[in-house]
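Reader: I would like to go through this structure with you and ask, for each label, what stands behind it. Please set the values against the rules as we go.

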Amino acid sequence: MKSGGSLSIWFFIGLSLLVNGALIFARGIYETINPPVNKVVLWELHANVWWGGLLFVLGVIYCLRFSPARERARLAKNS
Amino acid sequence: MNVALMLSSSTLVHLSPVDLVIIIFYFGLVLAIGIYLKEQANTGEDFFMAGREMTAWVAGLAFLSANLGSLELMGWAGNSYKYGILAAHWYWIGAIPSMLFLALVMMPFYYVCKTHSVPGYLKLRFGQASQALSSISFALMTVLMSGINMYAMAVVMKVVLGWDINFSILVSSVTVAIYVALGGLRSAIFNEVLQFFLIWAGALLIPILGLIEAGGWHGLQAKILQNLTELNAPNPGSYTHLWSTLGNFSDNPMGINWVGIVFGLGAVIAMGYWTTDFLVVQRVLAAKDLRSAELAPIIGAAFKMMVPFIVILPGLLGLALLRDPNTGSLLRLVPADLAWSKAGEAQGLHGYDEVLPLMLARYCGPGLLGLGITALIAGFMSGMAGNVSAFTTVWTYDIYGALINKNATDEGKVKMGRWVTIVGVAISIGTAYLVMHAQSIMDYVQALFSFFIAPLFGTVLLGMLWKRATPAAGFWGLFAGTLSSIGMYTWSKLDPGAVKYLALSSQAQDQAQNMFRALWCWLVCVIVTVVVSLMTKPKPDEQLVGLVYGLTPIPREEHVSMFQSPIFWGIVVAIAFLILQIIFW
């Protein structure tokens with residue numbers, strides 16, 4: 001897509017998913033090792049581990065696919 | 001700002017450090033996007049129309065996100081708790097047909113005439129009087145709505161998180177002012193797309209975990225029926241049926257029948273909103289070519305169909321699963337004014353609109369909670385940015401450029417746009433504080449906004465499809481439609497007995513009244529436009545090229561494969577829409 005520069009909107013989205021996913025995943029792992037006193041409903045499913053992991057993986061894919069280097073190369077090729 | 005004031009102890013949820021990091025990271029990211037895009041917003045076309053270079057995906061997701069504010073999310077989750085699955089009509093028949101109509105019928109005219117705004121189209125089609133009426137109304141209503149949303153969001157943040165109202169208003173409005181003033185529409189669109197992903201990432205877990213807990217859709221239906229029967233609610237079985245209870249006004253919790261839903265909502269309010277409200281149409285006008293502009297609303301429609309999964313379903317799950325943690329009895333949510341009154345707070349009552357945060361707190365621990373709250377904040381800021389960027393464009397092109405300084409240069413317009421963004425945010429803040437001291441204003445302004453949309457749709461529709469519609473008819477039709485809507489609203493407020501005439505049933509709730517009022521004022525607009533047109537002289541055909549169906553050659557791309565064709569994808573979305581209606585009939 002044309003985003004007006006070498007940083008695509010999809011790169012920003014990837015960055016957001018990556019950072020949020022990493023934080024949630026890390027917190028999930030911590031909670032699995034040190035279970036909290038006040039648990040949320042269905043805590044035993046460890047949603048923060050697999051949901052955080054999923055967001056992180058999606059974030060990595062987006063960041064690589066729309067990295068500034070690749071975007072610059074694409075813009076150079078089109079021009 | 002005193003941190004102790006910001007974080008009171010009696011709140012719905014408590015944030016941990018990781019939640020705060022996620023929220024702060026979001027604010028940092030949107031500001032970074034605004035700063036990064038500043039250098040690409042130098043001309044009027046860049047600043048106000050994002051350079052008209054957005055792909056169909058970006059324009060489509062922004063088109064949807066501009067409407068997907070946090071009040072929309074929480075409000076409709078609350079409505080689904082109150083009215084059951086009937087609330088999904090606002091996402092399906094109240095959106096999908098009109099989005100497809102915009103894409104395949106109206107978009108070519110907006111795009112071909114290269115207008116900057118919907119009032120701009122009215123100027124080309126009907127002249128300056130219609131443009132002035134629509135642009136002044138739109139600009140006024142947009143900033144007022146922005147302020148009202150700002151206040152309502154700040155109240156929710158206070159109830160949910162215990163944040164000070166002034167703190168919420170200040171931080172969010174300053175952030176929006178900075179990134180829109182710097183990057184213009186492109187910055188607003190980028191953040192809307194980011195918000196779209198955050199909303200799904202933050203809210204999707206609620207229905208997934210909720211359905212697991214409830215035992216799937218059938219388990220959810222059984223639990224709702226059992227709970228509502230226990231509470232002696234009328235028609236407990238109607239809360240999970242979309243159409244089968246719409247034969248009679250008294251068979252469903254909304255007090256509406258299928259005529260109000262199909263014609264009032266689907267044919268008038270939704271058509272008016274999705275095809276003429278510049279807040280959403282502006283996103284599609286930023287598309288890079290006509291095919292992208294046609295595909296964008298179709299992409300938006302495809303995702304809009306899925307939104308009930310993260311909005312309506314949590315409301316229904318609340319009906320089925322929420323129980324008082326102390327007594328174990330069913331938790332019954334109440335209207336917001338009761339819940340947020342001193343008596344309500346003392347009794348620990350929760351408002352309908354709190355059902356989404358309640359479900360969020362039920363399933364989401366630290367980290368996930370921060371992401372969910374970030375989604376709500378992002379939704380609010382994105383909605384506000386949408387209002388402000390649309391206001392800025394309409395002010396600069398349709399009021400300043402058309403009425404005040406007709407010789408303004410492109411550079412002057414960009415400068416004006418940046419300042420007006422800040423002024424628009426400042427007026428919104430003023431409105432927020434005005435509402436804080438006079439809550440009844442909120443009802444009137446929200447009603448005023450709806451007054452304008454239905455007649456505007458009548459005017460634009462006749463303008464595009466009927467070449468005989470004259471400039472005088474365009475103005476008087478719009479004026480009469482708006483006036484009749486205000487008149488009906490005033491009548492029903494002064495005499496509640498009027499509801500049985502205006503909404504065809506004395507049992508009609510607010511939403512049902514809105515549907516029928518929209519239908520009648522649209523009819524008034526159309527009738528007046530037709531009558532005045534037949535009495536006045538039309539524009540010659542050559543002046544209507546590019547503006548009216550039948551006189552405008554629509555550029556079509558040759559050799560486009562079936563999978564690139566907007567018509568093909570429009571049909572796919574329409575079939576999916578019909579299947580959903582049958583499944584949840």
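Reader: Is the crossing of α8(B) and α22(B) left-handed or right-handed?

Author: In this predicted model, the crossing of α8(B) and α22(B) is left-handed. The term applies if the near helix is turned anticlockwise from the far one by less than a right angle.

Reader: Why are α8(B) and α22(B) called roughly parallel to each other?

Author: The axes of α8, residues 128–161 of chain B, and α22, residues 471–494 of chain B, cross at roughly 25° and come within 8 Å. Angles under 35 degrees count as roughly parallel, and α8(B) and α22(B) are therefore given that description.

Reader: Which residues of α8(B) and α22(B) meet, and how many of the residues in this contact are nonpolar, polar and charged?

Author: From α8(B), B:Ala129, B:Ser130, B:Leu133 and B:Ser134 meet B:Gly474, B:Phe475, B:Leu478 and B:Phe479 of α22(B). By class, the contact of α8(B) with α22(B) holds 5 nonpolar and 3 polar residues, with no charged ones, where Gly is counted among the polar residues.

Reader: What makes α15(B) roughly perpendicular to α18(B)?

Author: Helix α15 (residues 308–321) and helix α18 (residues 355–363), both of chain B, pack with their axes 9 Å apart and at an angle of about 75°. Since the range for roughly perpendicular is 65 to 115 degrees, that angle makes α15(B) roughly perpendicular to α18(B). On the side of α15(B), the contact is made by B:Pro314, B:Gly315, B:Leu317 and B:Gly318, and on the side of α18(B) by B:Val355, B:Leu356, B:Leu358 and B:Met359. These residues divide into 6 nonpolar, 2 polar and no charged.

Reader: How many residues of chain B are in contact with chain A, and which element gives the largest share?

Author: In chain B, 34 residues are in contact with 27 residues of chain A, a pair being counted if the C-beta atoms lie within 7 Å. Among the elements of chain B that give two or more residues to this side are α9 (165–203), α18 and α19 (368–404), while the largest share, 8 residues, comes from α2(B). The side of chain B that touches chain A has 24 nonpolar, 5 polar and 5 charged residues.

Reader: How do you know whether the radius of gyration of chain B agrees or disagrees with that of a compact globule?

Author: For 585 residues, a compact globule would have a radius of gyration near 25 Å, and chain B has 23 Å, which agrees. Buried residues make up 58% of chain B, a residue being buried if 20 or more other C-beta atoms lie within 10 Å of its own.

Terms used
Residues numbered from 1 in each chain as written. Chains lettered and ligands numbered in written order. Predicted model: local features only at pLDDT ≥ 70, side-chain atom pairs only at ≥ 80, totals over all residues. Axes fitted to C-alpha atoms, helices over the stretch in contact; angles between N-to-C directions. Helix = DSSP H or I, 4+ residues; strand = E, 2+ residues; numbered from the N terminus. Parallel < 35°, antiparallel > 145°, perpendicular 65-115°, else oblique. Contact = placed C-beta atoms within 7 Å. Rg over C-alpha atoms; globule rule 2.2 N^0.38 Å. Buried ≥ 20, exposed ≤ 12 C-beta atoms within 10 Å, placed from the backbone.
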